[in-house]
Amino acid sequence: MQGAGPISGSRSFLSKLREGDEIARLITFIFAASVVLITISLVYELWIGSALPRHKFGLHFFVSQDWDPVMDQYGALPFIYGTLVTSAVALLLAIPLGIGASIFLAELAPPRISDTLQFFIDLLAAVPSVIYGLLGIFIIVPLIRNVIYPALNKPFGFLPIFKGPSYGVGFLTAGIVLAIMVIPYIISVSREVLLSVPRDQREAALALGSTRWESTWKVVVPFAKTGIMGSIFLALARALGETMAVTMVVGNSPKIAASLFAPGYSIAAVIANDFTEATGELQTQAYIELGLVLFLLTFILNGLARILIIVTTQKGSKVSN
Amino acid sequence: MKRTAVLLMAVLVASGVVWAQGLLINGAGASFPYPIYSKWFDVYHQKNGNMQFNYQSVGSGAGIKQVTEGTVDFGASDGPMNDEQLKAYQDKRGSEILHFPTVLGAAVPTYNVPGVSATLNFTPEALAGIFLGKITKWNDPAITGPNKGVNLPGNEIVVVHRSDGSGTTYIWTDYLSKVSDEWKSKVNKATSVNWPVGLGGKGSEGVTALIKQTPNSIGYVELIYAAQNNIPYGTVKNAAGTFVKADLKSVSEAAAGAAKDMPEDFRVSITNAPGKTAYPISSFTWLLIPSKIQDNAKRDAIKGFLTWMLADGQTYAEQLSYAKLPKEVIEKEKKAIAKVQ
């Protein structure tokens, strides 16, 4: 008769535990909770580990341009600037290419071609970032120096973003390499989202007399807009954190310059380069504080992507009713 | 039956692993001497099978940190520990840390000037001016002066330096601090500095790749790296006024010159050393050994290794393109081994 009481809270916890359901629930809850705990402890460690420079520099850390390990003066602005600029260039190049390709794959290509191309795109996404760095040094750097720089500097050299000499490496080179790295993400997610747009939407548009292109561009894409935005945020998150490929082609020079051809630096690159050789508590903790800044940046953007995806699914389910 | 079999296997494997270890001594530090340390530890293990030295080339800074924390038994660094770091070690571990020079290395200027295949001669003023960003063109008198007969173009110089913290940077900036007051006050010396101008390459490979890809560029790499990869490099004018090309002989000369005034703790910089044929941008690289080692077996093993390193070990240096220690320094070090207790 034990444990055979009414199905309510009057059964003890232990007796509930004897059934598989409760154990499964407990175990999976622990796993889920541990992920959250790991994230929290990561932020905690970054916070504790950067105590010295936080107290010494405070908010000045975010606006100072001077990164001098010898004088023990640390200002993160050149790295924040470099991270944002290279990511912005990457997105400016990747968004039109990525969305265009995903529209082709989802709407206009025959299914066989679409699946084959998707296979290659997945392959691109799986290539290690160091390989992209090598691609950057040996192919894109000469391309910039011999083709792109003369093409942009001669006619448009008066614009601040195209001014000055080119060394081959710089913000633009890093931006191009990052664009190549994040395009697969945009294509994959956008293609999925576009494919999931209900057929009736397309058919309704066509029935009302629109051309194929009009139905795609004016009906399907706006319907999938939030999902595409989500893919862009994911691409941005990857571009922000990319380390090896960037450090090989960005020029590694902690200076803020308006020109895209100038060498620069990014947060992930400087941590990868300098952290192991850092001497002294303040210098080591300064890199940890940089890590905290990058983590917060990525966290905020990932959070926004999450929220957008939630909004999409709610919206999608509402509309299809 | 199956379960006991698996359990038995696990026990056997675990004990097997433990049995095969013998004595394990861990070290970490500079990446510059990693090839020779690797060779030494391997040869030493062949001779003394019951002990194994494990070395991780994580960088001089990390090596100093880890030996101070006590996570490794010894460290290695391309730059001697400064007074602050010595004190930190003393405070943390309660005893001293000793420096033992092992081999010599050097940093050489490499360049890529279109149309120039000759070996360029550089004066200290030229190098300091270039890296400060003061000398901006290849046909500047400071560079053309010692290079009569070479047609240097009027192109802008592209400076390349290391982006990662490195012992080679330490040697280079140490030299520049000695020959240029402006460099000393503006930039000073460290494994990682605030470079006034230039692009950063990651590792010697990164610097070399950048120089190869960028016309009109100049940078610095380790002598060993340049020698083994057949990269052309220039000569540097030493303190005696001679333009010296770095090779094993001229680097050893630099150490011999400094051996006379060597301090007891071996923490000395031999850049810009006296001596007619001494190469001015040379440096020791050190093993950092605690003066008090609790574990008797480890202490004896380390002392045994140091003795071997100063004798047979030195014969392996040249074939790997490292310069040997001069005799005077070896003698002094042999006496210093007694300090490890």
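Is B:L248 buried, exposed or partly exposed, judging by the other C-beta atoms within 10 Å? B:L248 is partly exposed, because 19 other C-beta atoms lie within 10 Å. The scale runs as follows: a residue is buried if 20 or more other C-beta atoms lie within 10 Å of its own, exposed if 12 or fewer, and partly exposed in between, with C-beta atoms placed from the backbone.

## Basis of the model

This is a predicted model, in which local features need pLDDT of at least 70, side-chain atom pairs count only at pLDDT 80 or more, and totals for chains, interfaces and linings use all residues. Residues are numbered from 1 along each chain as its sequence is written, while chains are lettered from A and ligands numbered from 1 in the order in which they are written.

## Surroundings of B:L248

B:L248 lies in helix α11 (residues 248-259) of chain B. Helices (H or I, at least four residues) and strands (E, at least two) are DSSP runs, numbered from the N terminus. Leaving aside residues up to four places away in sequence, B:L248 touches B:E318, B:S321 and B:A323. Contact here means that the C-beta atoms of two residues, placed from the backbone, lie within 7 Å. B:L104 is 144 residues away along the chain, yet its C-alpha atom and that of B:L248 are separated by 8.6 Å.

## Chain A overall

Chain A holds 14 helices and two strands. Its radius of gyration is 25 Å, well over the 20 Å that the globule rule gives for 321 residues, so chain A is more spread out than a compact globule. The radius is taken over C-alpha atoms, and the rule is 2.2 Å times the number of residues to the power 0.38. Along the principal axes, the C-alpha atoms of chain A fill a box of roughly 85 × 65 × 30 Å. Buried residues account for 39% of the 321 residues. Among contacts in chain A between residues at least 6 apart in sequence, 77% join residues at least 24 apart.

Two domains divide chain A: domain 1 (6-48) and domain 2 (77-318). These bounds come from an automatic or database domain assignment. The C-alpha centres of the two domains lie 37 Å apart.

## Two helices of chain A

Helix α10 (residues 212-223) of chain A has twelve residues. From first C-alpha to last it reaches 16 Å, close to the 16 Å expected at 1.5 Å a residue. The expected span is 1.5 Å times one less than the number of residues. Buried in α10(A) are A:S215, A:T216, A:V220, A:V221 and A:F223. Seen down the axis of α10(A), these residues fall within an arc of 145 degrees, so they line one face of the helix. The arc is that of the directions from the helix axis to the C-beta atoms. On the other side of α10(A), A:W213 and A:P222 are exposed. The cover over the buried residues of α10(A) includes α5 (77-108), α8 (171-195), α9 (199-207) and α11 (225-241) of chain A.

Helix α6 (residues 111-126) of chain A has 16 residues, which should span 22 Å at 1.5 Å a residue; its end C-alpha atoms are 23 Å apart, which agrees. α6(A) is hardly covered, with a count of one buried residue among its 16.

## Chain B overall

Chain B has 13 helices and eleven strands. Its radius of gyration is 22 Å, close to the 20 Å from the globule rule for 341 residues, so chain B is as compact as a globular protein of that length. The C-alpha atoms of chain B fill a box of roughly 80 × 50 × 35 Å along the principal axes. Of the 341 residues, 49% count as buried. Among contacts in chain B between residues at least 6 apart in sequence, 73% join residues at least 24 apart.

## Positive phi in chain B

B:N230 has phi near 50 degrees, a positive value in a residue other than glycine. B:N230 sits in the loop between α10 (223-228) and β9 (235-237) of chain B. B:N230 is exposed, with 6 other C-beta atoms within 10 Å.

B:F266, another residue other than glycine, has a positive phi near 65 degrees. Its place is the loop between α11 and β11 (282-290) of chain B. B:F266 counts as partly exposed, with 17 C-beta neighbours inside 10 Å.

## The contact between the chains

The contact takes 23 residues from chain A and 28 residues from chain B. On the side of chain A that touches chain B, β1 (67-68), α7 (129-156), α12 (244-249) and α13 (267-274) of chain A each supply at least two residues. α7(A) gives the most to that side, with three residues.

The residues on that side of chain A divide into twelve nonpolar, eight polar and three charged. Ala, Val, Leu, Ile, Met, Phe, Trp, Tyr, Cys and Pro count as nonpolar, Asp, Glu, Lys and Arg as charged, and the others, Gly among them, as polar.
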